[in-house]
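I opened this model to look up a few local features. My notes follow in the order I took them.

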Amino acid sequence: MFLRQLEYLTALAREQHFGRAAAACWVSQPTLSDGIRKLEAEFGVSVVRRGHRFEGFTPEGERLLAWARRLLADRDQLVAEFGRASHQGLTGRLRLGAVPASLPPVSLLTGPFCELHPGTSLTVLSLTSAEIHRRLIDFELDAGLTYLTGEPLAGFRTIPLYDERYVLLTSQGGEFAERTEVGWAEVAGLPLCLLTPDMQHRRILDDLFLRAGVAVTPRMETNSVSTLCSHVRGGNWASVIPQAWLGLLGVPPGTRVLPLVEPTATSTVGLLVLDRDPQPLVTSALIRVAEDLDLQSDIDALVPAEAV
């Protein structure tokens, strides 16, 4: 068994197509297919379900794929630890997945990391919490910035960073123009635009509305934070947003924010990594940066005074 054959296998899982997987590995399709057949011969099992096109992996193939991802990740870590990183400081690319609600403050984490490790580069992807979990398990991410409450976290290490707080974003001349706070039950009757139900932020909001004794049916759903804010700014809409968003966006013109009460609630957001020992060097470096930060104070300092 050669690591190159494992690379063929992981490329096929990623591309879901023999031709594209071969191109991604810079080999011909017959070379890639032959490499996978050699894996099958070595282990005496069928790995790929074949038809006129790629049809997925057999159960044995899925188990081999999990091992392949783990071995290749360990190979990359070994190269980093005993290669250039040991002589030139930390190098390599940090792959970070972040739930949409955490995107505005993400630079408060990545900025100090890049400043401390100038030889590194970053990829930051907006993903759902479920996608972050899957990609961490598949070694496609080094870390995730996501919710640490209400999520299955077995097999992961968590570093809490800040508590997400919620405010109502509504038009300046709306029905709550004279109010300084508003209850969740009162908000349910507004023309709401919220994130889609596959987003953990939305599931948290649905639970908070239920705790207030109401169910909510948004008039508009989107997976885009900017779309939420543009609708509230542009018309007779309202939305429930994390207070941290205001640190980046400010309070959009023509709108106002009100704290949400009854219940007053928060959700913990933090760093999520696989529970491994040793950790990859870039992951360990990110953890050290995260543990030294006071992200809650940094976020609160950016929030406009009228939103506090």
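I call a residue buried under 20% relative accessible area, exposed over 50% and partly exposed in between, using a 1.4 Å probe and protein chains only. The model is predicted, so I note that local features need pLDDT of at least 70 and side-chain atom pairs count only at pLDDT 80 or more, while totals for chains, interfaces and linings use all residues. Residues are numbered from 1 along each chain as its sequence is written, and side-chain values use heavy atoms, with hydrogens and water left out.

**Entry: a surface patch**

I looked up Leu71 first. Leu71 is partly exposed, at a relative accessible area of 34%. Leu71 sits in helix 4 (residues 59–82). Helices here are DSSP runs of H or I with at least four residues, strands are runs of E with at least two, and both are numbered from the N terminus. Together with Leu3 and Trp67, Leu71 makes a nonpolar surface patch of about 290 Å². Patch members have over 30% relative accessible area and no salt bridge; nonpolar side chains (Val, Leu, Ile, Met, Phe, Trp, Tyr) are joined within 5 Å, like charges within 9 Å. The areas come from the Shrake-Rupley method with a 1.4 Å probe, and for residues only the protein chains shown count as cover.

**Entry: salt bridges**

I then turned to charged pairs. Side chains of opposite charge can pair when their charged atoms come close. My rule for a salt bridge is a side-chain nitrogen of Lys or Arg within 4 Å of a carboxyl oxygen of Asp or Glu. By this rule I get 14 salt bridges.

Which residues form a network? Arg69, Arg134, Asp138 and Glu140 are linked by salt bridges. I went through the pairs. Asp138 meets Arg69 at 3.0 Å, N to O. Asp138 lies in the loop between helix 7 (129–137) and strand 5 (143–147), and Arg69 in helix 4, so this pair ties together parts that are 69 residues apart in sequence. Asp138 also bridges to Arg134, with the closest N and O atoms 3.3 Å apart. Arg134 in turn pairs with Glu140 at 3.8 Å between the closest N and O atoms.

Are these residues buried or exposed? Asp138 is buried at 16% relative accessibility. Arg69 is buried at 15%. Arg134 is partly exposed at 39%, and Glu140 is partly exposed at 28%.

**Entry: around Arg69**

I listed the contacts of Arg69, taking heavy atoms within 4.5 Å as contact. Leaving aside neighbours within four places in sequence, Arg69 touches Thr10, Ala13, Asp138, Phe139 and Glu140. I also checked Glu7: its C-alpha is 8.4 Å from that of Arg69, and the two are 62 residues apart in sequence.

**Entry: helix 10**

Next I checked helix 10 (residues 225–234), where Val225, Leu228, Cys229 and Val232 are buried. They cover an arc of only 90° around the axis, which puts them on the same side of helix 10. The arc is that of the directions from the helix axis to the C-beta atoms. Ser226 and Gly234 are exposed on the other side of helix 10. An α-helix has 3.6 residues a turn, so residues three or four places apart point the same way.

What covers the buried residues of helix 10? The cover includes strand 6 (156–171), strand 8 (193–195), strand 9 (220–222), strand 10 (238–242), helix 11 (245–249) and strand 11 (255–261).

**Entry: Ser239**

I followed strand 10 to Ser239. Ser239 is buried, with a relative accessible area of 0%. A polar atom of its side chain lies 2.8 Å from the backbone oxygen of Cys193. Beyond four places in sequence, the contacts of Ser239 include Leu228 and Val232.

Most residues other than glycine have a negative phi, and most peptide bonds are trans. I looked for exceptions. Gln16 has a positive phi of about 60° and is not a glycine. Gln16 lies in the loop between helix 1 (3–15) and helix 2 (18–24), and is partly exposed at 43%. Phe139 also has a positive phi, near 60°. Phe139 is in the loop between helix 7 and strand 5, and is buried at 17%. The peptide bond from Glu262 to Pro263 is cis, with omega near 5°. Pro263 lies in the loop between strand 11 and strand 12 (266–274).

Notes. Polar contact = N/O pair within 3.5 Å; in protein donor to acceptor, adjacent residues only side chain to side chain.
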